[in-house]
Amino acid sequence: MASLTGNALPRPGSAGENEFVDFIPPIGQTLMDGAPSFEEPYVKLIVTYFENARHTPGNVQDRSLPSITPAFENFKRLLKVLAPTSTFNRYSTHFPAPYITQSIYMTHEPFQQEDWSALRHTSDFKDFENLYEIEVIVDQYPNTTPTPTLNRPLKLALFDMDSTLIDQEVIDELARSVGVSDAVSAITARAMNGDIDFATSLKERVGMLRGVKTTVWEDLRKTITIAEGARELIAGLKKRGVYTAVASGGFMPMAEWLKGELGLDIAVANHLLVEEPTEKFSYPHLSGLLDPSYPIVTPELKRETLLALAAARSIPMHETLAVGDGSNDLLMLGTAGRGIAWRAKEKVQVAAPMRLNGESLADLLHLFGPEESSVRDEVRLD
């Protein structure tokens, strides 16, 4: 197999035959390299490049031209290394936002690689990302797609809550109120890394919460912060007609609150039992037990929630999205049409089908194309 190590790829800004684009359209327009015939079966890859420079929002105003041009052209060379029996041509390139570029690559030749999670962790792929200081998400279009010009349809999106749609781990905040935060946080970290069974760890941590005042939820609603870009992401998905849900290993009072704050369609989370005042605790408080009449939101239940929501709405799995950060999210990430580990633990980033690190969840909107009512300008290269 060929290799992309050494000087196989020209470095950004270097002179040479790979600097081929003489015209760069404004942000929001599309470069069309030419329209191949779509009468034959084809495979399409939608490749989105996220420049690491987007992590410094103050620089966005300084950008006049996309600096990623060498990367989206040379990705064809990377594809030749990863898929040596197929020849992909770049059909179009779109610049939806500063520091984000999206290209479509197509081939009529046989190509069976539908799971990119393994190829994404090859040294060649990592070298490519490091060379151009980017993160790359590769989305292989389902073979049922009728048109080459649109992004993959999206009808259902399921999110984790803690450290995904909100910045904190709620159970750690509950523990802080009764002075056991260090012990609970240590178990949480091990559970999110997949070092211990989630259900067992949850029961152990909930047991430490006995005595927490039931008024704690009112306090948390004042201190919990919704993740950067979460409101914009959910609003953008709703405008596209996407059914949105949260499935959390946390607790229903906060999941219901978040559902209302973001306009989510449904919330699934764990239920806690409450005790009336006792001799030890003179106020209503958490009992330290989960409500046995409700199932624990395990990794398996998150996946089942995704499958059930899709089945109830006749949504094919390739039109679903799942986003999370912990090991208990991996099953739903692996089941969804697009499963994205967002700012995830290292083990999760390695195992997830896709991964993205950034400052704003709104970045994810650029994976799904414009709203149906939007019209993108196209600039063809003769």
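Guide: Of the 382 residues of the protein, 52% count as buried. This is a predicted model. The protein has 11 helices and 14 strands. Among contacts with a separation of 6 or more, 69% join residues 24 or more positions apart.

Start with the core. In soluble globular proteins, nonpolar side chains tend to be buried together. Here the largest nonpolar core holds 58 residues. V170, L237, F251 and L364 touch the most other members. Helix 8, residues 252–262, gives this core its largest share, 6 residues. A second core is separate and has 21 residues. Among them are L79, Y105, F128 and V138.

Now take V170. Its contacts, leaving aside neighbours within four places in sequence, are M161, D162, W217, L220, I224, F251 and M254. Two of these partners, W217 and L220, return below in a helix contact.

M161 sits in the loop between strand 6 (156–159) and helix 3 (170–176). M161 counts as buried because its relative accessibility is 1%, and the cut-off for buried is under 20%. Beyond four places in sequence, M161 touches I166, V170, V246, A247, S248, F251, M254, A255 and L258. V170 and F251 are on that list, and both are among the residues that touch the most other core members.

Most residues other than glycine have a negative phi. S163 is not a glycine, yet its phi is positive, about 65 degrees. S163 is partly exposed, at 23% relative accessible area.

Next, the helix pair. Two packed helices are described by the angle between their axes and the distance between the axes. Helix 6 (residues 216–223) packs with helix 8 at about 45 degrees, and the axes are 10 Å apart. The two helices are therefore oblique to each other. Their crossing is right-handed. Helix 6 brings W217, L220 and R221 to the contact, and helix 8 brings P253, M254 and W257. By class, that makes 5 nonpolar residues, 1 charged and no polar.

Compare a second pair. Helix 4 (residues 181–192) and helix 5 (residues 198–207) cross at roughly 170 degrees, with axes that come within 10 Å. Helix 4 and helix 5 are therefore roughly antiparallel. V184, I187, T188, A191 and M192 of helix 4 meet F198, S201, E204 and R205 of helix 5. This contact has 5 nonpolar, 2 polar and 2 charged residues.

Two more sites round out the tour. L45 lies in strand 2, residues 43–51. L45 is buried, with a relative accessible area of 0%. The C-alpha atoms of L45 and R90 are 9.4 Å apart, across 45 residues of chain. E133 is in the loop between helix 2 (123–132) and strand 5 (134–140). E133 is exposed, at 54% relative accessible area. E133 is not a glycine either, and its phi is positive at about 55 degrees.

Terms used: Residues are numbered from 1 along each chain as its sequence is written. This is a predicted model: local features need pLDDT of at least 70, side-chain atom pairs count only at pLDDT 80 or more; totals for chains, interfaces and linings use all residues. Side-chain values use heavy atoms; hydrogens and water are left out. A nonpolar core is a set of buried Ala, Val, Leu, Ile, Met, Phe, Trp, Tyr and Cys residues joined through side-chain atoms within 4.5 Å. Buried means under 20% relative accessible area, exposed over 50%, partly exposed in between (1.4 Å probe, protein chains only). Helices (H or I, at least four residues) and strands (E, at least two) are DSSP runs, numbered from the N terminus. Contact means heavy atoms within 4.5 Å. Axes are lines fitted to C-alpha atoms, for helices over the stretch in contact, and angles run from 0 to 180 degrees between N-to-C directions. Angles under 35 degrees count as roughly parallel, over 145 as roughly antiparallel, 65 to 115 as roughly perpendicular and the rest as oblique. A crossing is left-handed if the near helix is turned anticlockwise from the far one by less than a right angle, and right-handed if clockwise. Ala, Val, Leu, Ile, Met, Phe, Trp, Tyr, Cys and Pro count as nonpolar, Asp, Glu, Lys and Arg as charged, and the others, Gly among them, as polar.
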